[in-house]
Amino acid sequence: MDYVSALVPPVVMAALFIGVIRVIVKTQGGTNKAKEDAAVDAAYARAEGSRPSPGTDG
């Protein structure tokens, strides 16, 4: 019976890992891709806008 208790944690972790990978793969592309790209572009624009120009003092 020790082998069952030794195998349960890796099997559970493997099942959860497979579930996470499936969710990641399913959410790539499609309509979600446009929303994600827009969010990243907006965050990048905010970061670039808050950075001081190289020619200014501080």
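Trainee: Which residues form a nonpolar patch on the surface, and how much accessible area do they have together?

Mentor: First, a bit of housekeeping: this is a predicted model, where local features need pLDDT of at least 70, side-chain atom pairs count only at pLDDT 80 or more, and totals for chains, interfaces and linings use all residues. Numbering runs from 1 along each chain as its sequence is written, and side-chain values use heavy atoms, with hydrogens and water left out.

Now the patch. Met1, Tyr3, Val4, Leu7, Val8, Val11, Val12, Met13 and Leu16 make it up, with about 950 Å² of accessible area together. Patches take residues with over 30% relative accessible area and no salt bridge, joining nonpolar side chains (Val, Leu, Ile, Met, Phe, Trp, Tyr) within 5 Å and like charges within 9 Å. The areas come from the Shrake-Rupley method with a 1.4 Å probe, and for residues only the protein chains shown count as cover.

Take Val8 from that set. You'll find Val8 in helix α1, residues 2-26; helices are DSSP runs of H or I with at least four residues, strands are runs of E with at least two, and both are numbered from the N terminus. Val8 has a relative accessible area of 43%, so it counts as partly exposed (buried is under 20%, exposed is over 50%, partly exposed is in between, with a 1.4 Å probe and protein chains only).

Zoom out and the chain has 2 helices and 0 strands. Of its 58 residues, 0% count as buried. The C-alpha trace spans about 70 × 30 × 10 Å along its principal axes.

Over in helix α2, residues 30-50, sits Tyr44, which is exposed because its relative accessibility is 55%.

Asp37 is partly exposed at 36% relative accessible area, and Lys33 is partly exposed at 44%.

Definitions and conventions: A salt bridge is a side-chain nitrogen of Lys or Arg within 4 Å of a carboxyl oxygen of Asp or Glu.
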